[in-house]
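Student: I would like to go through the labels used for this model and ask what each one rests on.
Tutor: Then we take the labels one by one and set each value against its cut-off.

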Amino acid sequence: MAECGRVDSNTSSHTMDKSITLPPDEIFRNMENAKRFAIDIGGSLTKLAYYSTVQHKVAKVRSFDHSTKEAAGDKLYEIAVQEEVTARLHFIKFENAYIETCLDFIKDHLVNTETKVIKATGGGAHKFKELIERKLGLKVDKEDEMTCLIKGCNFVLKNIPHEAFVYAKHADSEFRFQTTNPDIFPYLLVNIGSGVSIVKVESEDKFERIGGSSIGGGTFWGLGALLTKTKRFDELLQLASKGQHSSVDMLVKDIYGGSYACLGLTGDLIASSFGKSATADKEFSNEDMAKSLLHMISNDIGQLACLYAKLHNLSRVYFGGFFIRGHPVTMHTITYSINFFTKGEVQALFLRHEGYLGAIGAFLKGAEEDNPNQYSWGENYAGSSGLMSVSPDMNPMQRARSGTFDMLEMDRLDRQLVNLPLLQDPSSYIPDTVDLTEDAQAREYWLYCFEEALDGVVKRAVASQPDIPEAAERAEKFRQKYLHKLQTLRHQPFAYGSLTVRSLLDTREHCLNEFNFPDPYSKIKERENDIALKYYQKAVKSLEELSWEDRQFALVRGVLAGNVFDWGAKAVSDHFSLKLIFTFCFSSDRPWLVDSFDQWLERLKGPPHRCALFFVDNSGVDIILGVIPFVRELLFRGTEVVLASNSGPALNDVTNSELQILTERIAAMDPVIDSALREDRLTLVQNGSSSPCLDLSRLDKVLAMLVRERQTDLVIIEGMGRAIHTNYYAMLSCESLKMAVIKNSWLADRLGGKLFSVVFKYEVPAGKSH
Amino acid sequence: EKLKKSFPWFGMDIGGTLVKLVYFEPKDITTEEEQEEVENLRSIRHYLTSNTAYGTTGIRDVHLEMKDLTLCGRTGNLHFIRFPTHDLPVFMQMGRNKHFSSLHTTLCATGGGAYKFESDFRTMADLELHKLDELDCLVRGVLYIDSVLTSGPSECYYFENPRDLDHCAQKPYTLENHYPLLLVNIGSGVSILAVYSENNYKRVTGTSLGGGTFLGLCCLLTGCSTFEEALEMASQGESTHVDKLVRDIYGGDYERFGLPGWTVASSLFCDGFHMMFKEKRESVSKEDLARATLVTITNNIGSITRMCALNENIERVVFVGNFLRVNILSMKLLAYAMDYWSKGQLKALFLRHEGYFGAVGALLGLLHPS
């Protein structure tokens with residue numbers, strides 16, 4: 001894949017402006033397959049969007065035909081690496097100074113001849129129209145700025161988890177990301193460009209500019225330039241961040257000598273902006289004037305926004321535009337203003353990809369025939385720069401990057417993703433148990449942990465492609481990429497939304513995919529599956545010999561024991577063999593760390609569940625000797641079972657296609673499973689994800705449909721990634737069972753247990769006991 | 001009771017920029033009273049009524065004087081005097097020189113300065129201030145002045161045909177009991193009140209972008225030093241040289257949102273880019289900057305007011321405060337903005353005694369303590 005997007009550096013250096021060199025390895029990737037361009041040219045930054053396809057290697061498993069089975073030897077199934085083409089959206093942001101160089105670059109690498117037009121928006125689109133048409137030979141098709149902005153905003157709010165955040169300057173983590181509310185409408189968008197536009201958005205196609213103000217970013221810039229002789233916007237903000245507005249503004253205490261208590265106006269409140277500059281014959285510092293100006297404009301915008309929010313009864317107010325654009329200073333003053341005027345009733349929300357909204361919207365306008373809104377999209381962590389802090393005192397690494405190119409890549413997902421219908425309150429559901437953005441200690445640990453584990457991951461990646469000589473080189477690139485991501489996250493944990501164990505795992509998967517290591521565990525999984533299958537009948541038989549009550553316990557213990565066996569967990573691969581694990585688990589004394597087994601047993605004595613949804617975890621022992629026997633018992637009881645497994649590979653987790661083969665094999669040995677499959681009482685379904693963790697708000701639409709149809713009344717979540725790192729606190733509207741063994745001593749310690757502590761959490765929502 | 005009503009009758013409003021003083025001059029003084037009138041009192045009366053300017057900065061707004069007013073059973077003239085707050089020490093010194101404290105009167109004062117300078121009055125002028133809440137005084141003052149029938153021009157007025165500059169004219173209006181009212185007081189800063197009756201009102205919101213901001217920015221941008229100077233410059237300038245209009249961006253109206261081309265898209269938008277061109281920088285005069293500042297501040301007040309009127313469901317807006325003094329431009333802009341953006345729903349009303357209502361309220365506090 002990396003090769004696809006790569007450009008021969010020799011040719012590019014000849015054709016480009018010598019003064020500006022582009023890092024072609026990084027930017028304008030997949031330009032060869034690019035079609036549908038859109039460009040948003042603002043006052044200082046250009047945002048380019050294009051749709052392209054990425055050729056990926058994907059690991060596919062396939063049963064052997066009976067005819068060729070002999071030839072296949074001992075192999076359980078065939079693992080084939082195939083090329084798959086997926087759709088990807090690329091967004092690149094760069095300074096307007098680069099525009100000509102970039103256009104030349106695009107022209108040289110644009111192979112797709114079908115492309116005839118480029119959608120354009122933004123104030124600068126007009127100015128650069130001629131240049132774009134001449135350079136690219138594409139017709140510039142102008143789109144309304146506000147329409148693009150809203151379209152873009154809807155798109156990111158729907159498709160990017162943790163897109164919106166609240167800014168809190170003095171909190172432990174400045175960025176407090178919002179959970180994705182499935183219902184994004186209605187909201188207010190306050191766009192602070194030169195002036196201010198206040199837009200009420202009611203649905204995908206319905207929005208209205210309900211107000212605005214001429215006092216906006218242009219006023220700050222213009223007045224600031226006049227007052228301080230500082231011409232650059234960023235420098236003005238820097239001045240402002242160093243100033244004291246109280247020397248220029250007339251405060252309440254300047255008039256009252258203190259506060260105006262009976263109105264609740266504190267002494268430090270600004271009574272009259274610039275009020276002191278009229279009464280005193282003195283010079284004011286540039287810093288102080290800039291600060292006063294910033295406060296004046298931010299407060300004014302905040303006040304208007306609040307008045308409009310109140311009038312239209314809206315509580316979600318997003319702020320964007322070049323005045324905001326990730327500047328901590330303006331986010332802080334706007335937040336302060338909103339808090340002041342609404343007494344906390346309305347929160348000022350900002351967007352991680354605010355700068356891209358126009359480009360995304362213009363692109364979507366041009367891509368309507370591809371129906372981009374019918375798909376779900378996911379932010380590709382490997383290809384996206386993430387949110388950069390532009391505060392003046394940031395570390396040098398960010399500084400170097402923010403001035404050049406910023407990227408956002410989004411993958412089109414095969415499946416449409418929706419909420420699990422069984423979530424008790426979708427709007428307050430947070431998948432992740434620990435927010436590493438807020439928990440510095442946990443963050444430190446996990447970043448270290450992932451860095452430590454990187455060698456092993458690289459080794460495994462190389463080992464998974466023994467016949468490909470350049471695998472080592474690619475694996476090394478993967479290492480560099482992921483290491484860089486970890487370093488970025490160390491400095492700005494908020495780069496991709498809340499930092500969580502899940503996001504660290506997902507980022508690793510994205511990076512592996514980016515370098516064509518689609519499934520490093522495929523062969524290991526196959527071997528483990530093969531071994532486990534051989535024990536299946538024996539295991540089932542020994543379980544059947546137990547008394548009912550003993551069997552229930554043995555089944556749970558089986559799931560837990562199977563779950564311990566996990567190549568992904570460092571502690572396990574370091575210290576344990578299969579046999580040891582079994583010994584461990586059988587001797588693991590109750591009560592467990594979390595132990596509601598007795599309640600579960602009581603429940604089993606009652607009427608059977610209608611349908612159980614089981615989110616499975618690992619391949620091999622886990623799924624075959626732990627999960628399937630457990631499922632078998634449920635089927636016996638008359639409960640239908642839906643087995644939900646990953647759509648794509650992640651670590652040693654069993655994928656949907658692997659599970660199909662495994663259940664076929666088991667069905668051949670076990671009439672109970674066979675008939676259940678045939679009668680549709682046992683159904684396999686993909687969860688829509690390729691993550692070792694589980695986000696119940698982004699699940700395959702088919703799964704959600706099935707859950708509803710079958711009137712599912714029990715959800716079982718298994719494994720550390722799905723039941724501990726995520727969903728530990730998830731509240732469901734039906735009975736739920738969370739089973740996991742904690743295979744990380746630090747986490748065990750955190751939860752008050754020891755390494756290999758068992759969590760068995762059976763929950764019944766209030767008012768639903770039997 | 002007797003003490004309270006003994007002369008002199010003053011009401012004072014000490015704001016962030018200006019001190020407003022109202023003085024009731026009794027015209028029905030009996031011979032007996034005249035004989036009893038102490039020398040100090042007489043000297044104060046004479047000083048105030050025989051001058052129209054006091055010191056270098058004190059001014060009596062003669063045109064606002066209310067003649068033959070009956071107040072608390074007495075008939076007399078109400079005088080309106082103002083001076084900058086920073087000259088308050090001079091005023092106190094004068095009070096000391098004229099032995100004001102010997103008159104055993106209560107000096108009713110409102111505005112923030114009543115609190116801030118309370119101890120200065122005590123130490124410098126040996127005067128005890130009776131402090132009154134500024135918004136109470138404001139509301140009381142407005143309603144009182146409006147209710148008084150005088151022979152002079154109508155207190156309350158509006159602009160007829162606000163959207164047509166050629167036919168835009170001041171017309172008298174009777175405010176009486178037209179509740180609810182939105183009362184917008186534009187002093188150094190701005191307070192917006194919703195008034196439902198004399199005793200029932202609330203402060204809806206306020207903004208720090210007020211008269212002080214206009215003057216402060218003008219001083220910094222143009223080097224002027226007084227409100228009158230700033231206004232004079234503004235009257236000669238052209239704000240469209242500085243502002244970025246909708247038509248500058250869209251080449252005409254932005255029809256998608258019903259924005260006419262003349263709408264200011266960004267105020268004072270001579271951005272860093274434009275500032276780099278010398279000719280652009282020099283084509284902008286100080287007058288243009290003053291004009292743009294005035295228009296910006298005024299329109300902003302208009303827009304916040306309009307939103308408050310909508311939120312509070314009030315259709316009549318009364319603008320007061322010294323920002324409007326001799327500022328016909330701002331008044332017309334406000335009248336225009338209220339009318340245009342509300343499609344004729346909102347009426348902008350103005351009062352002749354613009355900035356003196358707090359002081360009048362303070363005087364009433366002396367005569368009719370609640």
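Tutor: We begin with helix packing: axes are lines fitted to C-alpha atoms, for helices over the stretch in contact, and angles run from 0 to 180 degrees between N-to-C directions. The model is predicted. In it, helix H14 (residues 471-491) of chain A packs against helix H15 (residues 501-514) of chain A at an angle of about 150°, and their axes are 9 Å apart.

Student: Why is H14(A) called roughly antiparallel to H15(A)?
Tutor: Angles over 145 degrees count as roughly antiparallel. The angle here is about 150°, so H14(A) is roughly antiparallel to H15(A). The crossing of H14(A) past H15(A) is right-handed.

Student: What makes the pair of A:Phe175 and A:Phe177 stacked?
Tutor: Rings pair if their centres lie within 6.5 Å, and planes under 30 degrees apart count as stacked. The structure holds 55 aromatic pairs over all chains. For A:Phe175 and A:Phe177 the centres are 6.3 Å apart and the planes are at 15°, so this pair is stacked. Both residues are buried. They also belong to a cluster linked by ring pairs, which includes A:Phe165, A:Tyr167 and A:Phe319.

Student: Why is the pair of A:Tyr256 and B:Tyr115 called tilted?
Tutor: Planes under 30 degrees apart would be stacked and over 60 edge-to-face, and the rest are tilted. The rings of A:Tyr256 and B:Tyr115 lie 5.4 Å centre to centre with 35° between the planes, and the pair is tilted. The pair crosses between chains, from helix H7 (residues 252-256) of chain A to helix H5 (residues 112-116) of chain B.

Student: How do you know whether A:Tyr256 is buried or exposed?
Tutor: Buried means under 20% relative accessible area. A:Tyr256 has 7% relative accessibility, so it counts as buried. B:Tyr115 has 34% relative accessibility and therefore counts as partly exposed.

Student: What makes the charged end of A:Lys93 sit over the ring of A:Tyr356?
Tutor: The limits are 6 Å from the ring centre and 35 degrees from the ring normal. The charged end of A:Lys93 is 5.0 Å from the centre of the A:Tyr356 ring and sits over it. Likewise, the charged end of A:Arg590 sits over the ring of A:Trp592, 5.5 Å from its centre.

Student: How do you know that strand S1 (residues 35-41) of chain A pairs with strand S2 (residues 45-62) of chain A?
Tutor: At least two bridges are needed. S1(A) and S2(A) have six bridges, in the antiparallel sense. With three residues between them, the two strands form a hairpin.

Methods. Residues are numbered from 1 along each chain as its sequence is written. Chains are lettered from A and ligands numbered from 1 in the order in which they are written. This is a predicted model: local features need pLDDT of at least 70, side-chain atom pairs count only at pLDDT 80 or more; totals for chains, interfaces and linings use all residues. Side-chain values use heavy atoms; hydrogens and water are left out. Rings of Phe, Tyr and Trp (its six-membered ring) pair if their centres lie within 6.5 Å; planes under 30 degrees apart count as stacked, over 60 as edge-to-face and the rest as tilted. Buried means under 20% relative accessible area, exposed over 50%, partly exposed in between (1.4 Å probe, protein chains only). Helices (H or I, at least four residues) and strands (E, at least two) are DSSP runs, numbered from the N terminus. Angles under 35 degrees count as roughly parallel, over 145 as roughly antiparallel, 65 to 115 as roughly perpendicular and the rest as oblique. A crossing is left-handed if the near helix is turned anticlockwise from the far one by less than a right angle, and right-handed if clockwise.
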